[in-house]
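Please read them beside the coordinates.

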Number of protein chains: 2
Amino acid sequence: MTLSPTSRTTLGRLRERGATDRADLYAVLDAGLVCHVGLVRDGDPVVLPTGYGRIDDTLYIHGSSGARWLRGGTSVCVTVTHLDGIVYARSVFHFSMNYRSAVVLGTARTVTDETERWDALRAIVEHLAPGSWGYARVPSKREMAATTVLAVDLAEASVKIRTGPPGDDAGDITDEVWAGVVPLTSAYGVPEADAHVPAGAAPPAHVRTR
Amino acid sequence: MTLSPTSRTTLGRLRERGATDRADLYAVLDAGLVCHVGLVRDGDPVVLPTGYGRIDDTLYIHGSSGARWLRGGTSVCVTVTHLDGIVYARSVFHFSMNYRSAVVLGTARTVTDETERWDALRAIVEHLAPGSWGYARVPSKREMAATTVLAVDLAEASVKIRTGPPGDDAGDITDEVWAGVVPLTSAYGVPEADAHVPAGAAPPAHVRTR
């Protein structure tokens with residue numbers, strides 16, 4: 001299934017970097033932990049980082065019901081970016097980054113159905129910390145009431161991916177100047193128990209094996 | 001020097017996570033590689049990832065002069081986020097992330113002075129790949145003409161930082177459930193020379209020591 005390009009998601013430039021397969025969209029979203037949510041407040045753009053989850057073709061974000069930016073019915077843009085490497089070229093003009101990014105456009109919908117709210121929160125927690133929903137205490141009625149969940153359909157989206165070496169001009173290529181890619185990776189460190197965990201208690205498997 | 005809070009940058013929630021020192025803003029911006037630029041297009045928000053540079057209290061972004069989103073005079077929001085750890089709590093309600101983020105609001109200014117344009121591009125390249133401006137070929141007249149540089153004043157900005165263990169409710173604390181933080185770090189990998197670099201040629205020091 002391919003993404004439906006609209007005038008907004010059809011790439012304006014560097015079309016060869018656009019990926020139109022829905023699997024690419026899922027892959028970029030599922031590999032991320034933080035999205036940047038853009039919205040318009042009093043005519044000006046605001047971009048805020050937050051966690052998210054995905055169920056099929058719906059992306060969910062959540063927050064305190066007191067958060068002023070979390071309002072259904074508003075136009076949003078949700079962007080997820082992975083930086084995979086720094087591209088060193090022979091001319092500074094061709095320096096670049098290798099990256100994967102997904103840009104989702106849509107109108108946020110406040111989720112009101114309690115089953116969908118529950119499933120969405122589970123998706124968000126499991127996205128952030130797989131294995132945790134069945135391990136930690138699930139939300140109380142009071143906690144559910146204090147939480148707003150918004151849904152964004154994955155209907156209008158674009159994916160851009162850059163991989164590979166620099167695109168130097170032929171005239172710049174010489175034996176004397178190094179060019180290539182310095183890869184960037186992220187990694188999980190050793191889990192740090194908080195002060196209430198008994199000394200020597202090992203983290204559970206879903207944390208240990210992250 | 002502290003940041004000047006306005007009604008837009010005064011934090012709506014979790015005020016204790018706000019940092020108001022300008023040094024914190026510099027630190028978050030200088031430690032990042034990608035920013036997410038938000039702008040309003042036809043009334044809807046758009047959020048795009050891009051590189052950036054900083055000189056004193058000015059943040060610079062750049063792109064092709066053909067890029068339709070790079071327009072001076074428009075209101076922008078530039079957000080830089082570092083994810084430092086996943087916070088595992090004893091209740092899913094208190095799961096969180098440790099992070100540092102900076103949100104800069106302002107009106108983008110098209111840089112027209114050729115000296116400022118040159119300095120801005122050097123700042124952007126040196127931010128992305130320190131040591132490269134004095135090593136790779138600098139921009140030609142044609143390349144300069146093909147490049148748009150925008151400036152955003154670091155006048156209206158907010159910084160949010162979360163560190164430390166989960167904030168579990170006292171009633172959830174038990175010896176049976178592990179809680180703590182799984183740190184997240186990013187690291188540079190081994191440089192990968194492109195196909196034009198002679199076999200066995202070592203990368204220059206500014207790449208090797210990254």
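**Notes on the predicted model**

1. In chain A, four strands form an open sheet in the order 4-5-9-8, with antiparallel pairing. Strands here are DSSP runs of E of at least two residues, helices are runs of H or I of at least four, and both are numbered from the N terminus; two strands pair if DSSP finds at least two bridges between them. Strand 4 (53-55) and strand 8 (109-110) of chain A are the edge strands, each pairing on one side only.

2. This is a predicted model: local features need pLDDT of at least 70, side-chain atom pairs count only at pLDDT 80 or more, and totals for chains, interfaces and linings use all residues. Residues are numbered from 1 along each chain as its sequence is written, while chains are lettered from A and ligands numbered from 1 in the order in which they are written.

3. Within the sheet, seven bridges join strand 5 (residues 58-64) and strand 9 (residues 147-153) of chain A in the antiparallel sense. A:Gly63 lies opposite A:Thr148 of strand 9 of chain A. Helix 2 (residues 114-128) of chain A packs on the sheet and touches strand 4, strand 5 and strand 9 of chain A. Contact means C-beta atoms, placed from the backbone, within 7 Å.

4. In chain B, helix 2 (residues 114-128) has 15 residues. Its buried residues include B:Arg117, B:Leu121 and B:Leu128; buried means 20 or more other C-beta atoms within 10 Å of a residue's own, with C-beta atoms placed from the backbone. The buried residues of helix 2 of chain B pack against strand 6 of chain A, and also against strand 4, strand 5, helix 3 (141-145) and strand 9 of chain B.

5. The largest nonpolar core has 105 residues, and among the members touching the most others are A:Tyr60 and B:Val104. Such a core is a set of buried Ala, Val, Leu, Ile, Met, Phe, Trp, Tyr and Cys residues joined through C-beta atoms within 7 Å. B:Val104 touches residues including B:Leu59, B:Cys77 and B:Val152, leaving aside those up to four places away in sequence.

6. At the interface, 79 residues of chain B contact 79 residues of chain A. Strand 11 of chain B gives the most to chain B's side, with nine residues. That side divides into 51 nonpolar, 17 polar and eleven charged residues. Ala, Val, Leu, Ile, Met, Phe, Trp, Tyr, Cys and Pro count as nonpolar, Asp, Glu, Lys and Arg as charged, and the others, Gly among them, as polar.

7. Which strand of chain B does strand 12 of chain A join? Strand 12 (residues 192-193) of chain A is joined to strand 11 of chain B by two bridges, running antiparallel. A:Glu192 stands opposite B:Val181.

Terms used:
Contact = placed C-beta atoms within 7 Å. Axes fitted to C-alpha atoms, helices over the stretch in contact; angles between N-to-C directions. Buried ≥ 20, exposed ≤ 12 C-beta atoms within 10 Å, placed from the backbone. Expected span 1.5 Å × (residues − 1).
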